[in-house]
Amino acid sequence: MAGTGLVAGEVVVDALPYFDQGYEAPGVREAAAALVEEETRRYRPTKNYLSYLAAPDYSAFETDIMRNEFERLAARQPIELLSMKRNLVHMIEHAQKELQKLRKHIQDLNWQRKNMQLTAGSKLREMESNWVSLVSKNYEIERTIVQLENEVFQMKQQHGEANKENIRQDF
């Protein structure tokens with residue numbers, strides 16, 4: 001350790017206790033104890049060796065639960081045992097909330113289905129009305145065709161009779 005600039009009487013701690021070997025050698029334990037004894041004679045702590053530090057704020061990280069627990073301890077009240085009833089009430093409340101969510105989801109689905117069915121029903125009524133209208137037009141067209149065919153037939157008969165008379169007159 002030459003050249004380290006040590007002042008007389010200073011001791012440099014240069015140890016890696018988890019790595020270094022030889023601590024169990026004879027006389028090492030006694031030498032360490034002597035060094036500790038010398039240090040405690042030289043060091044005379046004051047009444048409050050932390051006086052230069054600010055007073056600690058122990059409540060800085062306290063939560064409401066911790067504060068309540070500290071108050072319970074200060075009042076020397078016993079710890080509240082785990083209440084199965086309270087736990088059951090909590091479970092029931094949670095289940096009711098989940099049930100409420102599920103009911104809302106079911107209601108939303110039913111509203112969606114209703115709206116889809118009403119839209120489809122309206123379109124179906126419109127298409128049915130259109131179909132009835134087209135069938136009625138086809139019926140009218142067919143009736144008109146039959147009427148025209150009858151008129152054509154009658155005209156042919158009338159022209160045929162007239163032609164027969166003309167042919168008879170020619171003979």
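What percentage of the 171 residues in the protein do buried residues make up? Buried residues make up 1% of them, where buried means under 20% relative accessible area, exposed means over 50%, and partly exposed lies in between (1.4 Å probe, protein chains only).

**Figure 1. Overview of the predicted model.** This is a predicted model, in which local features need pLDDT of at least 70 and side-chain atom pairs count only at pLDDT 80 or more, whereas totals for chains, interfaces and linings use all residues. Residues are numbered from 1 along each chain as its sequence is written, and side-chain values use heavy atoms, with hydrogens and water left out. The protein averages a pLDDT (the predictor's confidence in each residue, from 0 to 100) of 84, and 81% of the residues score at least 70. From the N terminus on, the elements run α-α-α, with 3 helices and 0 strands in total; helices (H or I, at least four residues) and strands (E, at least two) are DSSP runs, numbered from the N terminus. Confidence is lowest in helix α1 (residues 28-42), at a mean of 87, and highest in helix α2 (residues 64-74), at 90. The protein exposes about 17300 Å², of which carbon and sulfur atoms supply 60%, as given by the Shrake-Rupley method with a 1.4 Å probe, where for residues only the protein chains shown count as cover.

Figure 2. R72 counts as buried because its relative accessibility is 15%. Its side chain makes a polar contact with the side chain of E69 (2.3 Å), a polar contact being a pair of N or O atoms within 3.5 Å; within protein, one atom must be able to donate a hydrogen and the other to accept it, and residues adjacent in sequence count only if both atoms are side-chain atoms. A polar atom of the R72 side chain also lies 2.6 Å from the backbone oxygen of Q77. Leaving aside neighbours within four places in sequence, R72 is in contact (heavy atoms within 4.5 Å) with Q77, P78 and I79. E69, also found in helix α2, is partly exposed at 31% relative accessible area, and the C-alpha atoms of E69 and I79, 10 residues apart along the chain, are separated by 8.7 Å.

**Figure 3. R76 in the loop between α2 and α3 (84-170).** Most residues other than glycine have a negative phi. R76, although not a glycine, has a positive phi of about 55°, and at 77% relative accessibility R76 counts as exposed.

Figure 4. The structure holds 8 salt bridges, each a side-chain nitrogen of Lys or Arg within 4 Å of a carboxyl oxygen of Asp or Glu. K104 and D108, 4 residues apart in helix α3, form a salt bridge with the closest N and O atoms 3.4 Å apart.
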